[in-house]
2 protein chains.
Amino acid sequence: MPEPLDAEPWFSRYAPLISRALDGALPEASGPLGRLHEAMRYSVLAGGKRIRSMLCLAACEAVGGNPENAAQPAAAIELVHTYSLIHDDLPCMDDDDLRRGQPTNHKVYGDAVAVLAGDGLLSLAFEVMAEASAGIPDSSRLQMVRILAACAGPRGMVGGQALDVDSEGIDDVDLPTLQYIHTRKTGALFSGACRIGGIAGGADDRQTTLLGKFGEKLGLAFQIVDDLLDETGHAEKLGKAAGKDRPRGKVTYPRILGLEESKRRVMELGRVASEIASEFDTPGEPLKAIARFIVERTS
Amino acid sequence: MPEPLDAEPWFSRYAPLISRALDGALPEASGPLGRLHEAMRYSVLAGGKRIRSMLCLAACEAVGGNPENAAQPAAAIELVHTYSLIHDDLPCMDDDDLRRGQPTNHKVYGDAVAVLAGDGLLSLAFEVMAEASAGIPDSSRLQMVRILAACAGPRGMVGGQALDVDSEGIDDVDLPTLQYIHTRKTGALFSGACRIGGIAGGADDRQTTLLGKFGEKLGLAFQIVDDLLDETGHAEKLGKAAGKDRPRGKVTYPRILGLEESKRRVMELGRVASEIASEFDTPGEPLKAIARFIVERTS
């Protein structure tokens, strides 16, 4: 049996592609609107693993496409993710001061600019998605816009975040509710990233559905690991304050299920995701590598 | 010479079409996400003249299309407009308590839900635009998505609002800067609404460009009238607090140019817009009627 693919070199190989697409999509931080555009660049180019973008590229590869053709759609997904972080960090939401080891957007630029930087990134994402070229047919690009909008919107990510904010400080949030929140808050964009990457690579409907399921499982695993790291991790490793969930009364998997059962669920979700990725044979290896990376990550 | 078309009956005729499209597009205010969805519905269905939607329908008619085919795109534009109002009213932005005679979104639902309701409306707008059917070709729908994103984004409406917030309390803002702000803050979406309506009606490139110019001129006129009404109007008529611009050090046309010169500019912009609309002959009459309505409005 061949050695399984390692995610880190794969990330290193494609990170410059995503960075270039993001840099090219973002407006220059000069001229009368320079401050707004600088704020947008500040958060987008702060780095991070760019997991969602990488899933988008890997999904493209899984169906036999060239990952480079999914660079623009992947950048669009990254813009949506970054907008959501900026808004989630606002004082009226999670009120976070640190993100990826740096002061959050509103800490640097003020609340008004942070709201607008997020708003600007969200619109820009749809511009980038609609313009994604590389020979992707118009009907596919429209489908990608629709998927992105649905994943990001009031039934997707925004819905999950609203319910998450609502449930802070409430003691009797049950597991189905928590799962409902995270399927939307994290799972929706993970699933969307995989489906969009697949469509950019020419996926048929069956493949697109499979990729969506893979992303949903993996998104949930990612969120549980996030909860676990907050419970057990260190601020330096996380690049954000650890141990913040419990004092603010945030519902988490470890709080409901305990550490051991939460870890077991992560392994199980990773296993199911990996099984789905196996349906794509060898081209599905990068998807499997990212799944392993997420299950095993410690920061 | 025939009697010129009156805007009000035209508005009354098409208002139900827009309301139905909006109601159909908005998620139901029930279930676990009911509160978020209720907040979205609260602001979208609060009414108003729906000028931008009406321009979209009128532009469709101007190029020989059936206004009903532009109902979905018009609803998408209205969703973008409403999101911008919700975010502009936030305490960290303009901090307004009243909008269309009702408490603003964050006054009713709190700041966090208001941010998310705005976010949700923006994503939903792109979903609605991408799904706009009625036989509009995919390439046209993609173009409509791109225009909406560009008008709403960091070089358009969001850019204008950022600069507007930045320039509060600064005394020496000059006319070119003020015009730069409003071309983006108001003009961009007006222009986009007209171009999108035209494309929904099958406009060629020349027609689309003309419609964009018409919308830009009219958007600027609309904004100057807004400034004038704040200076001279009454809160009851406006449905929002009047006389708020001056004490908060907001730059306005009357403040830079005086009342008379501001009024003269409105008339001039209205005249130019009307001239552009004349290029569409009789089908352009609704556009001209809306231009007159905007120039002459008192609330």
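## Report on a predicted two-chain model

B:Asp95 is partly exposed, with 13 other C-beta atoms within 10 Å of its own.

**Single residues**

B:Asp95 lies in the loop that runs between α4 and β1 (98–99) of chain B, and its phi is near 50°, a positive value in a residue other than glycine. In chain A, A:Asp281 also has a positive phi although it is not glycine, with a value near 55°; its place is in the loop between α13 (259–278) and α14 (285–296) of chain A. A:Asp281 counts as exposed, because 9 other C-beta atoms lie within 10 Å of its own, and a residue is exposed with 12 or fewer.

B:Ser84, by contrast, sits in a helix, namely α4 (residues 71–88) of chain B. With 22 C-beta neighbours inside 10 Å, and 20 or more being the mark of a buried residue, B:Ser84 is therefore counted as buried. B:Ser84 and B:Ala152 are 68 residues apart along the chain, while their C-alpha atoms are separated by 8.8 Å.

| Residue | Other C-beta atoms within 10 Å | State |
|---|---|---|
| B:Asp95 | B:Asp95: 13 C-beta atoms | partly exposed |
| A:Asp281 | A:Asp281: 9 C-beta atoms | exposed |

**The fold of chain A**

Chain A is built with 14 helices and two strands. Its C-alpha atoms fill a box of roughly 55 × 50 × 35 Å, taken along the principal axes, and its radius of gyration of 18 Å agrees with the value near 19 Å that a compact globule of 299 residues would have. Of the 299 residues of chain A, 57% count as buried. When contacts between residues at least 6 apart in sequence are considered, 71% of those in chain A join residues at least 24 apart.

**Where the chains meet**

The contact between the chains draws 45 residues from chain A and 45 residues from chain B. On the side of chain A that touches chain B, the elements giving two or more residues are α2 (34–44), α6 (111–131), α7 (138–152) and α8 (157–167) of chain A, and α6(A) gives the most, with 14 residues. Sorted by class, this side of chain A has 27 nonpolar, eight polar and ten charged residues.

One part of the contact can be followed helix by helix. Two packed helices are described by the angle between their axes and the distance between the axes. For α6(A) and helix α8 (residues 157–166) of chain B, the angle is about 170° and the axes are 9 Å apart; since an angle over 145 degrees counts as roughly antiparallel, α6(A) is therefore roughly antiparallel to α8(B). Here A:Ala112, A:Val113, A:Leu116, A:Asp119, A:Gly120 and A:Ser123 in α6(A) meet B:Val158, B:Gln161, B:Ala162 and B:Val165 in α8(B). The residues of this contact between α6(A) and α8(B) divide into six nonpolar, three polar and one charged.

**How the copies are related**

How, finally, can chain A be laid on chain B? A turn of 180° with a shift of 0.0 Å along the axis does so, with an RMSD of 0.0 Å, and the two copies are thus related as by a two-fold rotation axis. The same surface serves both copies, for 100% of the contact residues of chain A recur in chain B.

How values were computed:
Residues numbered from 1 in each chain as written. Chains lettered and ligands numbered in written order. Predicted model: local features only at pLDDT ≥ 70, side-chain atom pairs only at ≥ 80, totals over all residues. Contact = placed C-beta atoms within 7 Å. Helix = DSSP H or I, 4+ residues; strand = E, 2+ residues; numbered from the N terminus. Nonpolar A, V, L, I, M, F, W, Y, C, P; charged D, E, K, R; others polar. Axes fitted to C-alpha atoms, helices over the stretch in contact; angles between N-to-C directions. Parallel < 35°, antiparallel > 145°, perpendicular 65-115°, else oblique. Least-squares fit on C-alpha atoms with pLDDT ≥ 70 in both. Rg over C-alpha atoms; globule rule 2.2 N^0.38 Å.
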